[in-house]
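Student: I am new to this structure. Could you walk me through it?

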Amino acid sequence: MISFLISLVALVAGYLVYGRFVERVFAPDDRVTPAVSKADGLDYIVLPGWKIFMIQFLNIAGTGPIFGAIMGAKFGPVAYLWIVFGCIFAGATHDYLSGMLSMRHGGVGLPELIGHYLGKATKSVMLVFTVLLLVMVGTVFVYSPAEILASIGGEKMMWVGIIFVYYIIATMLPIDKIIGKVYPLFAFSLLFMAGALLVVLFIKWPTVPELWTHLYNMGAATEPDKWTDQIFPCLFITIACGAISGFHATQTPLMARCVKSERMGRPMFYGAMITEGAVALIWATVASWFFYNGPSPGYTEIAGATAGFHTSAATVVNLVCNDWLGVVGAVLAMLGVVAAPITSGDTAFRSARLIVAEWLKFDQRPIPKRLYICVPLFVSSIAMLFWQMENPDGFNTIWQYFGWSNQALSVFTLWTLTVYLVRERKCFWITLIPALFMTTVCTTFLFISKQAFHLPETIAYSLGGLCFAVAVTWFTLWYRKEMMTTSNDN
């Protein structure tokens, strides 16, 4: 628990110190924001700061900081290091700067920003890549809630249909009608659940692995014959939303269109990510107790926990919340594993609609033009969903592709932000270092993953290191060229 407390304090300190530094690097000012200059009563609407924070938190969170942290905790307390350092120096910086840059460019979506700074060819690729990722998000976040609801009552396909109807309504309506009214309540429930678990952790003070005694791959140590995932790069793909996630850069423009003043950006974007990191820390600690409490694992103390180390993340949430928080916990767990992914799914489709609309230059105020975009998106998602349901391992396959695609998107976002900072003569190291690190993570995972090339470890790590060297060389050459061009222009 000492490692957990130190990590929690470090997150708060990161917001107060490094978050302020990042804010000064960007230098927000008093210019008119898109929420005011482009107000349309649909997507560009000024919202109160507290609502923006709660919606942003729920948009980027969903079940990500819960499920990812639970699965990541199987690697051991090294997960604490990734959550803390990843959140402060990568994720929160990524979210803040992507949101603020969107605001500076009129509230445009991520592909537009990528195209502006990395070129039209990259924009075209990332347009398809981003929309596909968002459709995958919407699809994977239909299946699991429908399955859970079907276990309570009704047919799975009935719940799939109901969720899709909700998606269509939420995607089409103005942002303040459903998202602005309901999301803060769901966000509060997630925060309340995390806060309640934090209190119980302090009361129970369970014995969990500490950084100074268990800084090794505990999954491999627990089951050496079955656990094949390595800390690098697998941990950094498994824990995404609690540290850094490219999906967040597709969501920050939604709120960038609702912020009245640039000076509100740090608590809205950087602060929401730090809050998500705190939620991930809490669940990582709960999972550490559940899986690794010495000779008497935590799951042996909870009735109904029979799968042990192989208990799924959703089941851990249900078991712990019911056991620790009683009836309230059961309700919160249901909101966590049902409502949270649904809300992430509908904002994913909303982001996809707006990105496609920007590309086609479709005014979104007329309802028919919204339908022209939404119908193909939902048809694609339904087709993907049927494929997923017909294949025994369909959900896991799509989820794994989503996990890698999610982090790959963060790589492109970080490089976009780096180019922006270089051209503005600002401290580009704050995004360059995370960009290089995540580039190495994603390329190495691609080489080593069973779902991709599945190369031997030695070859995979060597190729990952080569990609790092290529990225450093590319940036160095580009930077020198950029500086020479700027000097000649002056």
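Student: How far apart are N and O where the side chains of Arg423 and Glu482 meet in a salt bridge?
Tutor: This is a predicted model, where local features need pLDDT of at least 70, side-chain atom pairs count only at pLDDT 80 or more, and totals for chains, interfaces and linings use all residues. Residues are numbered from 1 along each chain as its sequence is written, and side-chain values use heavy atoms, with hydrogens and water left out. A salt bridge is a side-chain nitrogen of Lys or Arg within 4 Å of a carboxyl oxygen of Asp or Glu. For Arg423 and Glu482, the N to O value is 3.3 Å.

Student: How many residues apart are Arg423 and Glu482?
Tutor: Helices are DSSP runs (H or I, at least four residues), as strands are (E, at least two), numbered from the N terminus. Arg423 is in helix H16 (residues 394-423), and Glu482 is in helix H18 (residues 457-489). The pair links distant parts of the chain, and the separation is 59 residues.

Student: Is Glu482 buried or exposed?
Tutor: Buried means under 20% relative accessible area, exposed over 50%, and partly exposed in between (1.4 Å probe, protein chains only). Glu482 has 17%, so Glu482 is buried.

Student: Which residues do salt bridges that share partners join into one network?
Tutor: Side chains of opposite charge can pair when their charged atoms come close. Here the shared partners make one network. Its members are Asp29, Arg31, Arg104 and Glu262.

Student: What is the N to O distance between Glu262 and Arg31?
Tutor: Glu262 has a relative accessible area of 1%, so Glu262 is buried. Arg31 has 42%, so Arg31 is partly exposed. Their side chains meet in a salt bridge, with N to O at 3.7 Å.

Student: Where does Glu358 lie, the partner of Arg257?
Tutor: Arg257 forms a salt bridge with Glu358, the closest N and O atoms being 3.2 Å apart. Both Arg257 and Glu358 are buried. Arg257 is in the loop between H12 and H13, 101 residues from Glu358. Glu358 lies in helix H14 (residues 313-360).

Student: Which residues is Ser351 in contact with, leaving aside neighbours within four places in sequence?
Tutor: Ser351 is also placed in helix H14. At 2% relative accessibility, Ser351 counts as buried. Contact means heavy atoms within 4.5 Å. The residues in contact with Ser351 are Leu134, Thr250, Gln251 and Leu254.

Student: Which residues make the nonpolar surface patch of about 540 Å²?
Tutor: Patches are made of residues with over 30% relative accessible area and no salt bridge: like charges are joined within 9 Å, nonpolar side chains (Val, Leu, Ile, Met, Phe, Trp, Tyr) within 5 Å. Ile2, in helix H1 (residues 2-26), has 40% and is partly exposed. The patch is made by Ile2, Ile6, Phe202, Trp205 and Trp212.

Student: What is the radius of gyration of the chain?
Tutor: The radius of gyration is taken over C-alpha atoms, and the globule rule is 2.2 Å times the number of residues to the power 0.38. With 490 residues, a compact globule would have a value near 23 Å. The chain agrees with that, at 22 Å.

Student: How many helices does the chain have?
Tutor: Of the 490 residues, 59% count as buried. The chain has 0 strands. The number of helices is 18.

Definitions and conventions. Accessible areas come from the Shrake-Rupley method with a 1.4 Å probe; for residues, only the protein chains shown count as cover.
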